[in-house]
Amino acid sequence: MSLEQGAGAVAVAAIVMYTIFAGADFGGGIWTLLAWGPRKGEQRNALERAIGPVWETNHVWLILLVVTLFVAFPAAYAAIFTALYVPLFIALLGIVARGAAFAFRHYSTSGSGLARLSLRPFSVASVLTPFAFGVTIGAVTGGHIRVDGANVASGAFAGWLEPFSLLCGLIGLLLCALLAAAYMIPRTDGDLQRDFRRRAIASSLALGVVTTAAIPIAHWNARAFADELTIGSVLAVMAATACVGLATLVLLSRGHSTWVPVFAAATAAGVVLSWALAQSPHLITPGLTLQQAAAPDFTVKSFLIALPFGSAILVPSLVLLYFTFSRDVFHDAETPVGEPPAKP
Amino acid sequence: MNTLLSARALMGLSLAFHTVFTPLGIGMPLLLLLAEGVGLKTGDPRYRRLARSWTPVVGLLFAVGAVSGTVISFELGLLWPKFMAYAGGIIGMPFSLEGFAFFTEAIFLAIYIYGWDRLSPLAHWLCSIPLSISAAISAVFVIAANAWMNEPAGFKLVDGKVTDVNPWAAMFNRAWFHEALHGTLASYVTTGFAVAAVYAFLIYRGRGGKQAHLGLKVAMAMAAIAIPLQIVSGDLSARAVATDQPIKFAAMEAQQTTQAGAPLRIGGLPLGSETKYPVEIPKGLSLLGFGNVNATVTGLDSVPPADRPNEPMTHLSFDMMVGSGFAMLFIGAWFWWSWWRRRASFVPGRWLLRAVAAGGVLGFVAIEAGWFVTELGRQPWLVHGYFRTSQGVTDRGGIEVFFALFTLLYIVISAGLVAALIRWPRQADDDDGPPTSARSEGRVDPHVS
């Protein structure tokens, strides 16, 4: 593996982690927006409790992706942020609005005016951001952005308003929705669990339909990308992803709980990996490859050397965090969050 | 507005907003470490209660700080793509290391906030150690990246092409140490005074119980230790800038012409492109900058007008920072002198409380003004001597639309923060309340929507 492929792998790993962790937090916002039925309030409370301790940590995977891009692939960072500044600005507005609104909702007294006012921006921004990121992924893949190194020749609206890009935005939303609903299943029980199970089934079905439809649409609207889909390794990962996705659906419909989050996360990771393999070696199809965008070798090497040292601190800390709060899952099982909260 | 101006306005706005939260994100962990540590050592439960009462505020401010920091990492690309294409490979390293440090900080903060009832008191306190260290280190890394813009190193420019890149030499440039030291100490000063100011205000209004008096002392202890160190580090920075960035130094000190035995100019009126009628202390500037009353100080006129920063803004920001710093030194000394005279029976007087409350504002004034000095004094360069700000800007239009949107968003968030924080004292000043109410933890009782 060359240096730039190593750095590219780090970027893809950051996208996968961001999707399976932060994606679920966005999904929490989506289901907060779509909460309905007799257990509307309970659904929202359960989602908020699940997101609370981890969302900031989950968010940092995005920072890791951004810094990887600008250390190792500065030309791509510059070109992507120039060509796609509109969807990325929208994603950014969503990130700020959502983070602040969630913090207000979470740290203010329940039922206060501020908590109520924050609900809408939190949930709307949770839809906006993953959609904008999905669109961005679709746009760097779709082949409609013209670049010459770090300079962008195509216009401000090129690439991201294409049907294929918008479809990728939808895939982003469905991934988040599936992950959030799936992760909530072992954390809840009774009627509330049934609510989340139904939502997980619906989103996994929709995800299956939309990702399947993405292939003919890519053939029509994102030709260069579609041609890559026939490569053996890409086909293998896509097939494996489809199997894991089906397995998730089976587990869901048979009433299993414990393994549902793992399978849903694997499905999401598979979707991202299929995309990444087909996209490689391009950062922007067709004009910018990993090699063309890479920083000087010494920088990329230094980055890859620093990485294990950083991880040596980071990984045990992450394990400690998730270990400390995974006890919550069992704790919640004793006092299900589905029960009406005690009135103060 | 043209694109350059809107991009600078948006970047400036985003950084100014972020700069309100960063000192607290660096300083609060240390304050928590100190308070909880003293509580563990003395067995006095009031210290632990104090730390616990700060926790939800820290959680809220850290969340806004984290998202406003994300804005910076995006805007570097959205607004300055040409700069990032030029510099990313040279100076990206401290940013990526900062990513790790910040990640660690976020993890331990989550454990800290939600771990009050899940961890033993010792284990909980131990979490505040990596929390404080990672917070300080992430500040050091980000400041090292900024220092490189002032003191570029670690690359060569051959025929307009960047070669011989050494990211480590870029990171450990000539300015990284004094800038990082000054920025980190500033965070401790600002946090100490900000927390003390809240308690001073509560006591002044007659709403402060014993906890408020204790909190005031703990916060003022940190502030009073940090502020003299900060003034010494400021002297170190000024001397380094005098030697390494003479034009920035000239702008800071309103030094129009090159002069031997230059006077120290304080204040003045910004008239046109110059500061007029400052108070002058003969030979003061030569002494402070170079340790020699007859040293020659480079003036702004040694470079063409197009290469000069905005002198009045840089100079007045500099004076505002230094003035606030010395005012805080005075307030800290006054507080502890008053305490020393009475010891056990010390009750802060009305004027002292007013001064401490003002100190809370001065900390933020100093840190924003100091950041103005570094950034405005570097103009018109983005990378000092190599790359102009106007060369780095995006060629995309409509940036002013995003400037308007972000301005609006920041106003709404600020209003929300005020609304959220204004309720905090109610839970902080119940002296006899249970030490572990659900409210004082990170999360609140479940919401019914």
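Let's start with confidence: chain B has a mean pLDDT of 86, and 94% of its residues reach 70 or more (pLDDT being the predictor's confidence in each residue, from 0 to 100). Two residues are in contact here if their C-beta atoms, placed from the backbone, lie within 7 Å. Where pLDDT is low, the predicted coordinates should not be read in detail. For the model, the scores are ipTM 0.84 and pTM 0.86.

A quick word on conventions. This is a predicted model, in which local features need pLDDT of at least 70 and side-chain atom pairs count only at pLDDT 80 or more, while totals for chains, interfaces and linings use all residues. Residues are numbered from 1 along each chain as its sequence is written, and chains are lettered from A and ligands numbered from 1 in the order in which they are written.

Now take chain A. You'll find 13 helices and four strands in it; helices (H or I, at least four residues) and strands (E, at least two) are DSSP runs, numbered from the N terminus. Chain A has a radius of gyration of 20 Å, close to the 20 Å that the globule rule gives for 344 residues, so it is as compact as a globular protein of that length. That radius is taken over C-alpha atoms, and the rule is 2.2 Å times the number of residues to the power 0.38. Along the principal axes, the C-alpha trace of chain A spans about 60 × 40 × 35 Å. Of the 344 residues in chain A, 59% are buried. A residue is buried if 20 or more other C-beta atoms lie within 10 Å of its own, exposed if 12 or fewer, and partly exposed in between, with C-beta atoms placed from the backbone. Among the contacts in chain A with a separation of 6 or more, 79% are between residues 24 or more positions apart.

Chain B has 14 helices and 10 strands. Its radius of gyration is 23 Å, which agrees with the value near 22 Å that a compact globule of 449 residues would have. The C-alpha atoms of chain B fill a box of roughly 70 × 50 × 40 Å along the principal axes, and 55% of the 449 residues count as buried. If you look at contacts in chain B between residues at least 6 apart in sequence, 77% join residues at least 24 apart.

Chain B also splits into domain 1 (3-250 + 304-429) and domain 2 (256-267 + 276-297), with bounds that come from an automatic or database domain assignment. The C-alpha centres of these two domains of chain B lie 30 Å apart. Where they touch, domain 1 of chain B gives five residues and domain 2 of chain B gives five residues. On the domain 1 side, the largest share, three residues, comes from helix H7 (residues 210-244) of chain B.

Thr243(B) sits in helix H7 of chain B and counts as exposed because it has 12 C-beta neighbours inside 10 Å. Gly289(B), in helix H9 (residues 284-290) of chain B, is buried, with 25 other C-beta atoms within 10 Å. Leaving out residues up to four places away in sequence, Gly289(B) touches Ala238(B), Arg239(B), Ala242(B), Phe249(B), Ala295(B) and Val297(B).

So how do the chains meet? The contact takes 66 residues from chain A and 59 residues from chain B. On the chain B side, the elements giving two or more residues are helix H2 (45-79), helix H3 (81-114), helix H5 (167-171) and helix H13 (399-421) of chain B. H3(B) supplies the largest share, 22 residues. By class, this side of chain B has 36 nonpolar, 17 polar and six charged residues. Ala, Val, Leu, Ile, Met, Phe, Trp, Tyr, Cys and Pro count as nonpolar, Asp, Glu, Lys and Arg as charged, and the others, Gly among them, as polar.

Finally, look inside. The largest nonpolar core has 269 residues, of which Phe73(A), Ala76(A), Ala79(A), Leu179(A) and Ala196(B) touch the most other members. Such a core is a set of buried Ala, Val, Leu, Ile, Met, Phe, Trp, Tyr and Cys residues joined through C-beta atoms within 7 Å. H3(B) gives the largest share of this core, 23 residues. Setting aside neighbours within four places in sequence, Leu179(A) is in contact with Ile20(A), Gly23(A), Ala24(A), Gly27(A), Ala264(A), Ala265(A) and Ala268(A).
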